[in-house]
Amino acid sequence: MSTHTPFPVVLAGARGHGRSHLVNILRLERMGLVRLAGICELRPLDAAELDGFGAPEQSADFDALLASTGARIAIVCTPIQTHTDLALIAARHGAHLLLEKPPAPSYAEFRRMADGVAAAGVACQIGFQSLGSHAVPAIRGLIEDGAIGELLGVGGAGAWVRDEAYFRRAPWAGRRRLDGVDVVDGALTNPLAHAVATALALDGSTRAEDVEHIETELLRANAVESDDTSCVRVLTSRGTQVSVAATLCAERSSEPYVVVHGSRGRITFWYKQDRMLLQRAGHGPEESLHGVSDLLENLVAHLTDGADLLVPPDATGAFMRVVEAVRLAPDPREIPAHAWRTEPGESAPRRVVPGVDGLVAASADTLSLFSELDAPWALSPKAESR
């Protein structure tokens with residue numbers, strides 16, 4: 001049990017993905033680390049939704065809620081385009097932050113957030129939970145020790161199934177812009193953003209200045225603005241390549257992963273399972289499971305004991321360069337109707353691109369873009385951004 005007074009927490013956005021934060025807050029409440037002081041939602045949560053919490057203060061006014069509760073920590077789990085303004089409101093109240101990924105819809109908004117938070121002197125953790133996996137430092141240690149020889153590059157793969165209802169779940173879903181404001185929702189920047197951030201982290205290229213050049217191929221089978229089938233390749237300032245291919249139109253959902261390529265072996269990391277496979281010359285395959293540090297718990301440890309933050313804003317600068325490249329790229333190319341089919345989904349029909357699962361895996365294996373793998377529907381020529 002903690003000997004510290006529990007930190008009062010305000011959660012902005014308690015439905016949808018925000019439910020996972022409520023579950024985690026309840027866990028940490030029972031450990032004596034935090035207490036839920038307030039919830040910011042447009043529509044108040046009912047008693048069933050608040051089961052286990054009693055009656056925290058509720059308001060649609062984030063500013064007023066922070067003032068009335070005296071919150072020491074604010075969790076922001078709201079639409080992407082609201083992140084920067086809400087983070088800066090919290091910072092003005094002296095509240096430390098757990099800010100959901102992606103931290104902002106543009107690099108300029110990211111810098112406005114990060115600089116404002118730093119100036120206010122509050123801590124900020126970005127919600128890339130995969131970077132809390134203990135496998136990440138273990139893999140970095142193997143790379144640095146030369147276990148797989150020279151680092152050649154890192155590939156990421158994410159093949160998920162999402163039906164048409166997924167893109168109707170909120171007004172901003174599937175949008176690049178909304179009412180003239182950048183949103184930049186999309187396979188690479190939101191649902192499979194962890195693949196991008198984790199691949200960059202395993203390469204050791206997490207800061208904005210670690211990125212030299214970015215190539216993107218953005219496509220869509222669904223009738224939305226944003227990309228649902230995409231790939232990106234980053235050339236780092238060290239000369240390594242980091243590529244990620246992602247689709248929400250897979251034939252079947254599979255565990256996303258990142259693969260580190262070396263001159264004498266490879267390491268595959270299934271980041272949602274914290275599972276790692278080391279394959280190297282002269283050795284049998286070695287599989288291992290790793291623990292994970294919760295990001296809110298780590299933020300509390302930072303405030304109480306001075307523990308290093310696992311995902312401070314600067315550690316997502318390279319990821320935000322990718323978001324910016326996606327934002328500036330031409331609107332996603334429509335995959336022709338003959339190249340996808342409709343199948344029943346969980347709650348609505350879903351669009352499937354035959355063969356895309358294999359292409360996603362091949363991209364991670366070879367660090368290639370879809371067009372280089374001769375995908376008949378792939379964007380060509382490539383869109384590029386620096």
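Colleague: Where is E150 found?
Modeller: E150 is in the loop between α5 (135–144) and β7 (151–159). Keep in mind that this is a predicted model.

Colleague: Is E150 buried or exposed?
Modeller: E150 counts as exposed, because its relative accessibility is 56% and the cut-off for exposed is over 50%.

Colleague: And what does E150 touch, not counting residues up to four places away in sequence?
Modeller: E150 touches H261, G262 and S263 on that count.

Colleague: Switching to D357. Which helix is D357 found in?
Modeller: D357 sits in α9, which covers residues 356–366.

Colleague: What is the nearest side chain of opposite charge to D357?
Modeller: That is R252, 4.6 Å away. D357 is buried and has no salt bridge; the limit for a salt bridge is 4 Å.

Colleague: Then what does the side chain of D357 reach?
Modeller: The backbone nitrogen of E251, at 2.8 Å. Apart from neighbours within four places in sequence, D357 is in contact with A250, E251 and R252.

Colleague: E251 again. Which residues do salt bridges that share partners join with E251?
Modeller: Let me lead up to that with another pair. The side chains of E286 and R280 form a salt bridge at 3.0 Å, N to O. Elsewhere, salt bridges with shared partners link E251, R341, E343 and R350 into one network.

Colleague: How many salt bridges does the structure hold?
Modeller: There are 27 salt bridges in the structure.

Colleague: Which side chain does D365 meet in a salt bridge?
Modeller: D365 pairs with R266, at 2.9 Å from N to O. D365 lies in helix α9 and R266 in strand β14 (residues 265–270), so the pair ties together parts that are 99 residues apart in sequence. D365 is partly exposed, with a relative accessible area of 39%, and R266 is partly exposed at 28%.

Colleague: What about R112, which side chain does R112 meet?
Modeller: R112 and D85 meet in a salt bridge, with 2.8 Å from N to O. Helix α4 holds R112 and helix α3 holds D85, so this pair ties together parts that are 27 residues apart in sequence. R112 is partly exposed at 37% relative accessible area, and D85 is partly exposed at 42%.

Colleague: Staying with α3, how many of its residues are buried?
Modeller: 8 of its 10 residues are buried, so by the under 20% cut-off α3 is mostly covered. The buried residues are H83, T84, L86, A87, L88, I89, A90 and A91.

Colleague: What covers the buried residues of α3?
Modeller: The cover includes α2 (62–69), β4 (73–76), β5 (96–99) and α4 (107–120). After α3 comes G94, which has a positive phi near 75°.

Colleague: Last topic, the pockets. What volume does the largest pocket have?
Modeller: The largest pocket has a volume of about 1500 Å³. Its lining is made up of 47 residues, and G16, H17, G18, C77 and E100 are the ones nearest its centre.

Colleague: Which helix gives the most to the lining of the largest pocket?
Modeller: α1 does, with 4 residues. α1 (18–30), α3 (83–92) and α7 (295–305) each supply at least two residues of that lining.

Note on methods:
Residues are numbered from 1 along each chain as its sequence is written. This is a predicted model: local features need pLDDT of at least 70, side-chain atom pairs count only at pLDDT 80 or more; totals for chains, interfaces and linings use all residues. Side-chain values use heavy atoms; hydrogens and water are left out. Buried means under 20% relative accessible area, exposed over 50%, partly exposed in between (1.4 Å probe, protein chains only). Lys and Arg count as positive and Asp and Glu as negative; His and the chain ends are not counted. A polar contact is a pair of N or O atoms within 3.5 Å; within protein, one must be able to donate a hydrogen and the other to accept it, and residues adjacent in sequence count only if both atoms are side-chain atoms. Contact means heavy atoms within 4.5 Å. On a 1 Å grid over the protein atoms alone, a cavity is a set of points where a 1.4 Å probe fits but cannot get out, and a pocket is an open set with protein on both sides within 12 Å along at least five of seven lines; lining residues have an atom within 4 Å of a point. Grid points are joined across faces, edges and corners, and a volume is the space filled by probe spheres set on the points.
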